[in-house]
Amino acid sequence: MIKKICLLIVGFFLLLSFSQASFASENKVVSIAIKGDIDFAKTALVKKAIDKANETNAKVLFVEIDTFGGYVDAAVKIRDMISESDLDTICYVKNRAWSAGALIAISHKHIAIAPGGSIGAAEPIPTTEKTVAALKAEFAATANKLGRDPKIAEAMVDKSLGYKQYAKEGQILALTDYQAIEVGYADMVAEDADKVLAHFGYQDAEIIICEEGVLESLSGILSDPTVKGILITIIFLAIMAEVKTAGSGIAIVIALIAAALFFSSHWLTGFLGNFEILLFIAGIGLVIAEFFLITSGILALIGVVCMFASIFLTLGGDQLAFITIFGSLAIALLIFLVIMKKLPNNRLLSKIILSDATTTEQGYVSSSDYEKYLGKEGITTTPLKPAGTVDIDGAYLDVVSESKFIAENKKVKVVSVEGNRIVVRLLEN
């Protein structure tokens with residue numbers, strides 16, 4: 001009898017401990033603060049917080065916000081992540097949530113506001129019919145999804161609408177703390193975050209604070225439109241240099257580094273899918289393959305198209321993406337032409353640029369004499385990648401390999417001559 005009682009007591013305490021542990025594991029809140037301009041560093045921060053909540057089995061995302069606004073596309077991405085999350089999302093408007101910040105605030109399931117706080121004033125800049133219509137639709141859809149009056153959200157964007165006694169026609173709508181309560185755009189007014197959490201039943205929750213780190217800050221820098229344009233320009237310029245140098249390898253490494261920086265910013269903010277990365281890598285691979293396979297530029301062309309498509313999709317696949325890509329390409333082409341024209345005259349750089357002439361006295365011949373080498377054999381004096389030089393009977397000829405890379409000091413045979421284009425084939429030893 002005593003043994004059974006002891007077992008019951010032990011079982012009771014084990015069950016109690018398990019219940020407490022289970023409750024503790026679920027009663028966690030991931031907290032972040034969005035302050036200052038809304039940019040892609042903030043987007044990366046929100047993604048980091050949601051990932052952290054999933055890792056720790058937290059059930060709540062608490063966002064303290066104090067901003068005048070920022071990039072609309074960054075705010076839209078944040079809105080999407082928050083509104084689509086299964087977490088219990090709570091926004092605490094510390095002082096103000098204006099413009100892009102208002103869109104983020106109304107994407108939460110619950111909104112609390114500090115005394116003297118305000119929310120709204122989201123008229124886009126530039127204020128055109130198109131931008132107003134687009135942003136108004138985003139606000140209305142977000143409000144409607146969360147069960148709030150979409151007319152109020154629209155009036156925050158379009159000043160021509162007005163809303164009852166809160167804003168006359170011609171005035172943009174911004175709600176004060178008590179007004180937000182009256183129209184259902186805030187659940188409570190609270191002096192601090194602790195009171196907000198207590199109101200929603202999370203007063204004893206474990207608070208996990210996520211802060212903006214180096215990766216998030218770097219993401220914000222790399223996501224700047226100007227920086228993106230520079231990186232794309234470097235990618236195109238490096239590819240042009242790689243083609244010009246017949247596959248030296250240095251330029252392609254530079255292109256890959258620039259591409260890694262470009263794509264990393266989109267990956268950190270949750271914009272990037274695996275398809276875009278694989279498409280770009282395939283494009284680079286095809287461009288490199290062109291140096292070893294004679295396809296008259298077909299592989300290189302397909303590769304460039306793949307890279308264009310990858311960057312286009314990563315940038316959003318819209319008109320702005322198109323303008324960014326071709327603007328960067330035009331700048332890269334201009335820089336490339338200037339380099340080709342100016343660098344040989346530079347004393348320092350002329351040391352690394354080939355300036356020797358291939359004269360008859362040195363053993364080189366003109367294109368009019370190439371036909372006589374058809375069917376003759378020679379030795380490669382440089383690697384063929386696929387272009388290079390071959391020594392045939394003491395004459396140094398510029399040739400291309402028939403199908404693949406050929407190393408230096410290999411025996412080859414001329415199999416085709418078309419004008420000044422000599423094609424050689426590797427002879428097996």
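**Entry: α9 and α11**

I looked up how helix α9 meets helix α11 and found that their crossing is left-handed. The model I am reading is a predicted one. Helix α9 covers residues 214–222 and helix α11 covers residues 250–268. I read that their axes come within 9 Å and cross at roughly 120°. That makes α9 oblique to α11. I then listed the residues that meet: Leu215, Ser219 and Leu222 on the α9 side, and Leu261, Ser264, Ser265 and Leu268 on the α11 side. I noted a general point beside this list: an α-helix has 3.6 residues a turn, so residues three or four places apart point the same way.

**Entry: α3 and α5**

Helix α3 is made of residues 72–83, and it packs against α5 at an angle of about 15°. Their axes are 12 Å apart. By its angle, α3 is roughly parallel to α5, because angles under 35 degrees count that way. I checked which residues make the contact: α3 gives Val72, Val76, Arg79 and Ser83, while α5 gives Leu135, Glu138, Thr142 and Lys145. The handedness here is left-handed, as α3 passes α5.

**Entry: α6**

I asked myself why helix α6 counts as largely enclosed by the rest of the structure. The reason is that 6 of its 8 residues, in the stretch 150–157, are buried. I wrote down the buried residues of α6: Ile152, Ala153, Glu154, Ala155, Met156 and Val157. Next I looked for what covers them, and the cover includes β5 (118–120), α5 (129–145) and β6 (174–176). At the start of α6 I found Asp149, with a side-chain oxygen that reaches to within 3.0 Å of the backbone nitrogen of Lys151.

**Entry: two residues of α14**

I picked Ser328 and Ile331. Ser328 lies in helix α14, and Ile331 is found in α14 too, a helix of residues 319–342. Is Ser328 buried or exposed? Ser328 has a relative accessible area of 4%, so it is buried. Leaving aside neighbours within four places in sequence, I found Ser328 in contact with Gly229, Ile232, Thr233 and Phe236.

**Entry: Gln179**

Gln179 is found in helix α7, which is made of residues 177–182. Gln179 has 13% relative accessibility, so it counts as buried. Not counting residues up to four places away in sequence, Gln179 touches Tyr166 and Ala174.

**Entry: backbone angles**

I looked for a cis peptide bond and found one that joins Ile125 and Pro126, with omega about 5°. Pro126 sits in the loop between β5 and α5.

I then read phi at Ser99, which is near 50°. That is a positive value in a residue other than glycine. Ser99 is in the loop between β3 (88–98) and α4 (100–105). With a relative accessible area of 19%, Ser99 is buried, because the cut-off is under 20%.

Asp393 has phi near 55°, again a positive value in a residue other than glycine. I placed Asp393 in the loop between β10 (387–392) and β11 (395–401). Asp393 is exposed, because its relative accessible area of 63% is over 50%.

**Entry: cysteines**

How many disulfides does the structure hold? I found 0 disulfides. Cys210 is buried, at a relative accessible area of 7%. Cys306 is buried, with a value of 15%.

**Entry: the chain as a whole**

I ended with totals. The protein chain has 15 helices and 13 strands. Of its 429 residues, 42% are buried. I also looked up contacts between residues at least 6 apart in sequence: 61% of these join residues at least 24 apart.

Notes:
Residues are numbered from 1 along each chain as its sequence is written. This is a predicted model: local features need pLDDT of at least 70, side-chain atom pairs count only at pLDDT 80 or more; totals for chains, interfaces and linings use all residues. Side-chain values use heavy atoms; hydrogens and water are left out. A disulfide is a pair of cysteine sulfur atoms within 2.5 Å. Buried means under 20% relative accessible area, exposed over 50%, partly exposed in between (1.4 Å probe, protein chains only). Helices (H or I, at least four residues) and strands (E, at least two) are DSSP runs, numbered from the N terminus. Contact means heavy atoms within 4.5 Å. A polar contact is a pair of N or O atoms within 3.5 Å; within protein, one must be able to donate a hydrogen and the other to accept it, and residues adjacent in sequence count only if both atoms are side-chain atoms. Axes are lines fitted to C-alpha atoms, for helices over the stretch in contact, and angles run from 0 to 180 degrees between N-to-C directions. Angles under 35 degrees count as roughly parallel, over 145 as roughly antiparallel, 65 to 115 as roughly perpendicular and the rest as oblique. A crossing is left-handed if the near helix is turned anticlockwise from the far one by less than a right angle, and right-handed if clockwise.
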